[in-house]
Amino acid sequence: MLIAKARSIGATIVTHELPNPESKKRVLIPDVCLIFDVPFMNTFEALRQFSAKFA
């Protein structure tokens, strides 16, 4: 549902998971994003992009 919504509104998914197409135990969010052409980034990239500062 999350990836479908992101695709429909042109949003980017933020996740801690890393792509691993060879994973046999479960399907990872970045792998599904790659299949459906939905942009994604990891949490640390998002924090850098948004210039988050913790004080």
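**Entry 1: Phe40**

I looked up Phe40 and found this residue in strand β2. I noted that strands (E, at least two residues) and helices (H or I, at least four) are DSSP runs, numbered from the N terminus. The model is predicted, so to speak of local features a pLDDT of at least 70 is needed, side-chain atom pairs count only at pLDDT 80 or more, and totals for chains, interfaces and linings use all residues. Residues are numbered from 1 along each chain as its sequence is written, and side-chain values use heavy atoms, with hydrogens and water left out.

I then listed the contacts of Phe40, a contact being heavy atoms within 4.5 Å. Leaving aside neighbours within four places in sequence, Phe40 is in contact with Thr12, Ile13, Pro19, Pro30, Cys33 and Leu34. I also checked Phe40 against Ala11: the two are 29 residues apart in sequence and 8.7 Å apart in space, C-alpha to C-alpha.

**Entry 2: The chain as a whole**

I recorded three helices and two strands in the chain. From the N terminus on, the elements run α-β-α-β-α. The C-alpha trace spans about 40 × 25 × 15 Å along its principal axes.

Buried residues make up 24% of the 55 residues. Of the contacts between residues at least 6 apart in sequence, 50% join residues at least 24 apart. Ala4 lies in helix α1 and is exposed, with a relative accessible area of 52%.

Which residues form the largest nonpolar core? I found six: Ile3, Ala6, Ile13, Val32, Cys33 and Val38. A nonpolar core is a set of buried Ala, Val, Leu, Ile, Met, Phe, Trp, Tyr and Cys residues joined through side-chain atoms within 4.5 Å. The elements that give two or more residues to this core are α1 (2-9) and α2 (29-36).

Not counting residues up to four places away in sequence, Cys33 touches Ile3, Ile13, Val38 and Phe40. The buried residues of α2 are Pro30, Asp31, Val32 and Cys33. What covers them includes α1, β1 (13-15) and β2 (40-42).

**Entry 3: Glu17 and its partners**

I located Glu17 in the loop between β1 and α2. Not counting residues up to four places away in sequence, Glu17 touches Arg26, Leu28, Ile29 and Pro30.

With which side chain does Glu17 meet in a salt bridge? The partner is Arg26, at 3.2 Å, N to O. A salt bridge is a side-chain nitrogen of Lys or Arg within 4 Å of a carboxyl oxygen of Asp or Glu, and by this rule the count comes to one. I noted the general point that side chains of opposite charge can pair when their charged atoms come close. Arg26 is exposed, with a relative accessible area of 52%.

The side chain of Glu17 also reaches the backbone nitrogen of Ile29 at 2.7 Å.

**Entry 4: Two residues with positive phi**

I noted first that most residues other than glycine have a negative phi. Asp37 has a positive phi of about 60° although it is not a glycine. Asp37 is found in the loop between α2 and β2, and at 69% relative accessibility this residue counts as exposed.

Ser51 has a positive phi of about 55°, and it is not a glycine either. Ser51 lies in the segment after α3 and counts as exposed at 51% relative accessibility.

**Entry 5: The surface**

I recorded an accessible surface of about 4700 Å² for the chain, of which 60% belongs to carbon and sulfur atoms. Accessible areas come from the Shrake-Rupley method with a 1.4 Å probe; for residues, only the protein chains shown count as cover.

Which residues make the nonpolar surface patch of about 350 Å²? They are Phe44, Leu47 and Phe54. Patches are made of residues with over 30% relative accessible area and no salt bridge, with nonpolar side chains (Val, Leu, Ile, Met, Phe, Trp, Tyr) joined within 5 Å and like charges within 9 Å. I found Phe44 in helix α3 (residues 43-49).

Definitions and conventions:
Buried means under 20% relative accessible area, exposed over 50%, partly exposed in between (1.4 Å probe, protein chains only). A polar contact is a pair of N or O atoms within 3.5 Å; within protein, one must be able to donate a hydrogen and the other to accept it, and residues adjacent in sequence count only if both atoms are side-chain atoms.
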